[in-house]
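Here is a quick tour of one model, written for someone who likes to know the cut-offs. Have a look at the sequence and structure first, then read on.

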Amino acid sequence: MRWSHYFIPTLKESPADAEILSHKLLLRAGLVRKLTGGLYTFLPLGLRVLRKIENIIREEMNRAGAIEVLMPALQPTDIWRQSGRYETASDVLYKAKDRSNKEWILSPTAEEVITTLAAGEIGSYRQMPVNFYQVSVKFRDELRPRFGLMRAKEFIMKDAYSFDSSDEGAMGSYQRMYDAYTRIFNRCGLRNFPVEADTGVIGGNLSHEFMVPAETGENDVVYCESGHYAANIEKATSGIPKTAAREIGAGIEKFATPGVVTIEALSKPPFSVPANRQIKTLVYIADSQPVLVLVRGDDQLNETKFMARIGAAAVRPATPEECVAALGARPGSLGAVVNVPATVKILADERLRGANDMTTGANEDGFHLRNVSIERDIKVTEWFDLRTVTKGEPCAKCGQPLKMQRAIEVGHVFKLGTKYSEKLHACFLDADGKSKPCVMGCYGIGVTRTLQAVIEQCNDKDGIVWPLAVSPYAVCITPLAVAKDSPVMQLAEKIYAELTAAGVEVILDDRDDRPGVKFKDADLVGFPLRVGIGEKSLANGEVELKPRGGAVQLVKAEEAVAQVRAFLAGKQ
């Protein structure tokens, strides 16, 4: 390809609305252009990178035994109502009506569609295991689209769905996808690691996210340097000890705390109750019913863990008025000891199990209770791990201090079980002729997000530093004299022809522009190798080879093609 015949609109300055480095480089290197918030047009270079990532994904999906299909982007609402996600995922669904006023959904994912397909096509255990995948456009109504392709309203995703006749078989499918994802992200040149994750609105009982370390990432990952443990903050647990039990003293004592409505205020004189001896009582409304959540005063509730445990379709914090209606007091004076209706569920964090000599609200404004024993005085409905892990806590597996890292999620694998197959009637006959629901898994990769994650991780002060496997072109030939009859251009054409014939992806910068402009553009776009040909070096029978981010190497002109091929072979 010749630069003068291509379309690479590089920019000297970053657009004002580009927030993070990778977003700036996407725009400056001429890979994409913004149409409006959350919507981007891929330009030629960006599309080449995108297709290379897609090809890597397809190769590894096929290698893992998955079969490619293509499902409709327009989906009927009835299958979403059957699965229950018409309500639970409503905040991200794009809905449209046709001329007969029938409502449709623009595909954010395809669990419902693929399960409907399986329900009509899979009838016997002999047809499984089977795994279908697609690479297609998805739509999600993001409240705040930002960071370029990282959080967009329209994006490209690879989604795969496995069907097995047993739980054991489903675990095998899960592991094959897990291993395939590891290969995919390694081939894309990404430093990445899998972490335990919450299943969220997708559902299921096991999931891992594939994370790319990046300070601009939207996820907090908790990990142990020993390699024994890594999890998303929404799922992470630690080996921190439970609240120390003390001798149970006198019975519960009510005391006045006028104006004290925070953990911090109660910890100061004249009360001086340490935060770790306080019970924080939070009230949520789950499917229109109040639920009490108890965590230690110095801990923070992890709402994702709570949402996963409560099992309700609609959950939100209660208003002060709803707290008064349920417990007789406003936030700051709430507790689970007295005046709690028997119908109200009480969920408590495991760290409080066995705790006593605690202080909590009295369910009367301006009053608290001391000498509270959890087991004696509170009727806990269920115990769960509900707290948010913090940096430095001991790893539950090896005891080493846990660390925290910001990261970008590029892939997610789920073991779904029978959640969708039961609701959408994807059943099969087993060897005994009995009807059973298929055991499912689903596996997603954000293709467009992966592209930007590579840029976020692979860059320097001059621009992008593409890994060879996903670079738009492997080599940029940069002649500094472009007249057709000049020795410089004649050599450039010769090297270009020989490399092209050898199957090397090469772009010839034949623009009649200043050397500095051409060099800067090549660095900005990030081609792995630049071949510089100037009159001075050529007078000595030499050309310059400059690896992106490396030092210039002078090689004999007649050896240039062999040296380029050797360099690229070493990068494979």
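## Ground rules

This is a predicted model, where local features need pLDDT of at least 70 and side-chain atom pairs count only at pLDDT 80 or more, while totals for chains, interfaces and linings use all residues. Numbering starts from 1 along each chain as its sequence is written, and side-chain values use heavy atoms, with hydrogens and water left out.

Strand β8 covers residues 154–164; strands here are DSSP E runs of at least two residues, helices are H or I runs of at least four, and both are numbered from the N terminus. In β8, 10 of the 11 residues are buried, where buried means under 20% relative accessible area, exposed over 50% and partly exposed in between (1.4 Å probe, protein chains only).

Pairing of two strands calls for at least two DSSP bridges between them. Strand β7 (residues 130–139) runs antiparallel to β8, with 10 bridges. Strand β24 (residues 439–446) is also antiparallel to β8, joined by 8 bridges; in that pairing, A160 has Y443 as its bridge partner.

## Nonpolar cores

A nonpolar core is a set of buried Ala, Val, Leu, Ile, Met, Phe, Trp, Tyr and Cys residues joined through side-chain atoms within 4.5 Å. The largest one has 60 residues, and L31, M61, Y181, I184, L451 and W466 touch the most other members. Take L31: leaving aside neighbours within four places in sequence, its contacts (heavy atoms within 4.5 Å) include F42, L43, I455, I464 and W466. A separate core of 27 residues has A481, L491, V504 and V564 among its members.

In soluble globular proteins, nonpolar side chains tend to be buried together.

## Cysteines

How many disulfides does the structure hold? The count is 0, taking a disulfide as a pair of cysteine sulfur atoms within 2.5 Å. For C188, the nearest cysteine sulfur belongs to C458 and is 10 Å away. For C438, that of C427 is nearest, at 6.8 Å. Both cysteines are tucked away: C188 is buried at 0% relative accessible area, and C438 is buried at 0% as well.

E87 sits in helix α4 (residues 85–88) and is partly exposed, at 46% relative accessible area. Its C-alpha atom is 7.5 Å from that of A313, although E87 and A313 are 226 residues apart along the chain.
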